[in-house]
Amino acid sequence: MMMNMTSSSKDKLDYIWTTYGIPNRFAAASFTNYYPTCASQESARKVCLNYARNDEAIFKYGKGLFLQGPVGTGKTHLSVATLRAIVESNIDTFGCRSSENPIYGDKEYGGYSCAMISTAELLELFRQSSSAKKLKHAAVELHRLAKISEIIILDDIGIEYPSDWSQELLFSIIDLRYRMQRATILTSNCALKDLEERLGKRIVSRVFQMCEGVKVEGEDYRKGAPSVLPL
Ligand SMILES: Nc1ncnc2c1ncn2[C@@H]1O[C@H](COP(=O)(O)OP(=O)(O)O)[C@@H](O)[C@H]1O
Ligand SMILES: [Mg+2]
């Protein structure tokens, strides 16, 4: 897909990608630098690639993906690679996520927005913002983005035992996206039973209807990866 991009769409992609909240470690994650280490990862890669090519399912019906498996199997990497491929092949449709922040310069692009949201960070932000007024705005803004963006990654759901308020928060996001048919890519280490215990059946049931399930098995890639630090 990248090969068909003109240099101006490549510039646009590089530019708008920085506004989507992708953490540095995953900023360059793509299908080309995902190296499956077992059959399950190879098949996960194929499912994600096929998904990324089906614009109608994504944008009209809000189809999502649910990547599930043990730690370090590349779920977050694959979710970002998928989002990147979708943005690349629809580069004219996507815009900057937000033009509020002047550090992004004066180039502004209107259009679809997407966001990568760490569930742990979202919950932490809301927890802290109940006592820290300064964080209230950031929490409200993140909640808004999570609901209105045409496509989001909700990374690592079920990472903790949520309380009533955090279940309600996640439910408000999932339920709105479900009703509005907005695509959601989720990742989780939890098996279905744990997920139902942690998030509640209302959330899990919607996730299963909205998303294609993708198992990602294998060893922890982090343990085999060469260290970037000098020894
Ligand atoms: N098959 C793979 N090929 C290339 N890099 C990988 C692969 N699997 C994982 N990684 C890298 O290993 C690290 C951990 O992967 P990550 O996607 O965070 O795993 P998970 O979300 O499943 O815990 C990341 O830096 C990621 O880019
Ligand atoms: Mg992850």
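I take a helix axis as a line fitted to C-alpha atoms over the stretch in contact, with angles running from 0 to 180 degrees between N-to-C directions. The model I am reading is predicted.

**Entry: α7 and α9**

I looked up how helix α7, residues 164-180, sits against helix α9, residues 201-210. Their axes are 10 Å apart and meet at an angle of about 30°. I noted the crossing of α7 and α9 as left-handed. On the α7 side I listed Leu170, Phe171, Ile174, Asp175 and Tyr178 as making the contact. On the α9 side I listed Arg202, Ile203, Arg206, Val207 and Met210. I then sorted the contact of α7 with α9 by class: seven residues are nonpolar, three are charged and no polar residue takes part.

**Entry: α4**

I checked the length of α4 next. The helix has 15 residues, so at 1.5 Å a residue α4 should span 21 Å, and its end C-alpha atoms are 21 Å apart, which agrees. The expected span uses 1.5 Å times one less than the number of residues. Is α4 mostly covered or mostly uncovered? I recorded α4 as mostly covered, with 13 of its 15 residues buried.

Key: Residues numbered from 1 in each chain as written. Chains lettered and ligands numbered in written order. Predicted model: local features only at pLDDT ≥ 70, side-chain atom pairs only at ≥ 80, totals over all residues. Helix = DSSP H or I, 4+ residues; strand = E, 2+ residues; numbered from the N terminus. Left-handed = near helix turned anticlockwise from the far one by under 90°. Contact = placed C-beta atoms within 7 Å. Nonpolar A, V, L, I, M, F, W, Y, C, P; charged D, E, K, R; others polar. Buried ≥ 20, exposed ≤ 12 C-beta atoms within 10 Å, placed from the backbone.
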